[in-house]
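Visitor: I have a model on screen. Please take me through the labels and what backs them.

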Amino acid sequence: MSAKTRIVVLHMREVIYTVIFALLALLLILLLVFMFRSGKKGADSQETMKYESGVYTSSIVLNNQAMDLKVVVDDNRINAISLDNLDETAATMYPLMQPALDNISQQIYEKQSTEGITYDEANQYTSVVLLNAIEDALKRAKAEEDSQ
């Protein structure tokens, strides 16, 4: 028996398609691994952040105008943040109060934390006052759970 030599002819188009499909498969595998790994981190961070369900308030006093900031939480989630007792004169005197609160609360709903909140420099001081009041209310939510 004689050994026959085989000649394999590869077309450049086939080689390019094979390389592209291999890279796409690798990218898909990396994407799936990243998604499932980061999903576990998010679940762990939510488990460590626990509150006692309820409504918690914090008072804000600006030029003898008292306002209450209300934070509604469930066991592991911040559900609502709003201003109570904001009368027309206070809303007129502090027109940036409600837009700043809307911006901050939207970020808090997404992150479920007060860390890393960004705000516009135009409402810097208003945002800091609101953020401090929100953190104060959330501390009360955590403190009541720790005492039980």
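**Salt bridges and a helix**

Guide: Start with lysine 70 and aspartate 84, whose side chains meet in a salt bridge (3.7 Å, N to O). Lysine 70 lies in strand E2 (residues 65–73) and aspartate 84 in strand E3 (residues 78–84), 14 residues apart. This is a predicted model: local features need pLDDT of at least 70, side-chain atom pairs pLDDT 80 or more, while totals for chains, interfaces and linings use all residues. Residues are numbered from 1 along each chain, and side-chain values use heavy atoms, without hydrogens and water.

Visitor: Why is the contact of lysine 70 and aspartate 84 called a salt bridge?

Guide: The term needs a side-chain nitrogen of Lys or Arg within 4 Å of a carboxyl oxygen of Asp or Glu. The N to O distance here is 3.7 Å, so the pair qualifies.

Visitor: What makes lysine 70 partly exposed?

Guide: Its relative accessible area is 26%. Buried means under 20%, exposed over 50%, partly exposed in between (1.4 Å probe, protein chains only). Aspartate 84, at 27%, is therefore partly exposed too.

Visitor: How many salt bridges are found in the whole structure?

Guide: Two. Arginine 140 and aspartate 136 also meet in one, at 3.1 Å, N to O. They sit four residues apart in helix H4 (residues 124–147), so about one helical turn separates them. Helices (H or I, at least four residues) and strands (E, at least two) are DSSP runs, numbered from the N terminus.

Visitor: Which residues of H3 are buried?

Guide: Met97, Ala100, Leu101, Ile104, Ser105, Gln107 and Ile108.
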